[in-house]
Amino acid sequence: MSREMKRLAMKVSRELVTQRVDLGDDSYDVISDAVEGAIEVASLADDLDFFANENGWAEFSPRDRNALAEMVQFAHLGAANPILGPVIFTGGVDGAGETRGLSEERARQIERLAVVLREAV
């Protein structure tokens, strides 16, 4: 039996494998671990952000582009920067600036998109 997550986030590896993550009480450490270093946020919608490694170009190879993060960024913003390495999606921020968890619907959307992109490669 799995325990209920406090704040759901979705890690997406550079191989487009998803992993549900609990942000717990200390989201900074969880997010930093997920992106393997310093964090940079991309705000996409009121209920959707993703964090990437701020030094991705220095720490990862161009072969490590995260197609899912780039595609979601383009869909929401109409443009996208190349994203290198793993990312983690969260549910935006609340009025106090605290990171919110993803809704179950958003989490399922990310999981489905990852499956489609993996099959396309």
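## Basis of the model

The model is predicted, so local features need pLDDT of at least 70 and side-chain atom pairs count only at pLDDT 80 or more, whereas totals for chains, interfaces and linings use all residues. Residues are numbered from 1 along each chain as its sequence is written, and side-chain values use heavy atoms, with hydrogens and water left out.

## Sheet and helices

Five strands form an open sheet in the order S2-S1-S5-S4-S3, with antiparallel pairing; strands (E, at least two residues) and helices (H or I, at least four) are DSSP runs numbered from the N terminus, and two strands pair if DSSP finds at least two bridges between them. Strand S2 (18-22) and S3 are the edge strands, each pairing on one side only, and the twist averages 25° from one strand to the next. Strand S1 (residues 8-12) is joined to strand S5 (residues 87-90) by 3 bridges, and Lys11 has Ile88 in S5 as its bridge partner. Between S3 and S4 there are 6 bridges; these two strands form a hairpin with 2 residues between them, and Ser43 stands opposite Asp49 in S4.

Helix H3 (residues 67-77) lies across S1, S3, S4 and S5, running at about 40° to S3, while helix H4 (residues 104-120) lies across S1, S2, S3, S4 and S5, at about 155° to S2. Axes here are lines fitted to C-alpha atoms, for helices over the stretch in contact (heavy atoms within 4.5 Å), and angles run from 0 to 180 degrees between N-to-C directions.

## Leu44 in strand S3

Leu44 lies in strand S3 and counts as buried because its relative accessibility is 8%, where buried means under 20% relative accessible area, exposed over 50% and partly exposed in between (1.4 Å probe, protein chains only). Leaving aside neighbours within four places in sequence, Leu44 is in contact with Asp49, Phe50, Val72, Gln73, His76, Leu77 and Phe89.

## Largest pocket

The largest pocket holds about 220 Å³ of space, a volume being the space filled by probe spheres set on grid points joined across faces, edges and corners. A pocket is an open set of points on a 1 Å grid over the protein atoms alone, where a 1.4 Å probe fits, with protein on both sides within 12 Å along at least five of seven lines; lining residues have an atom within 4 Å of a point. Of the 15 lining residues, Glu40, Ala52, Asn53, Pro82 and Ile83 are the closest to the centre.

Strand S3 (39-45), strand S4 (48-53) and helix H2 (56-59) each supply at least two residues of this lining.
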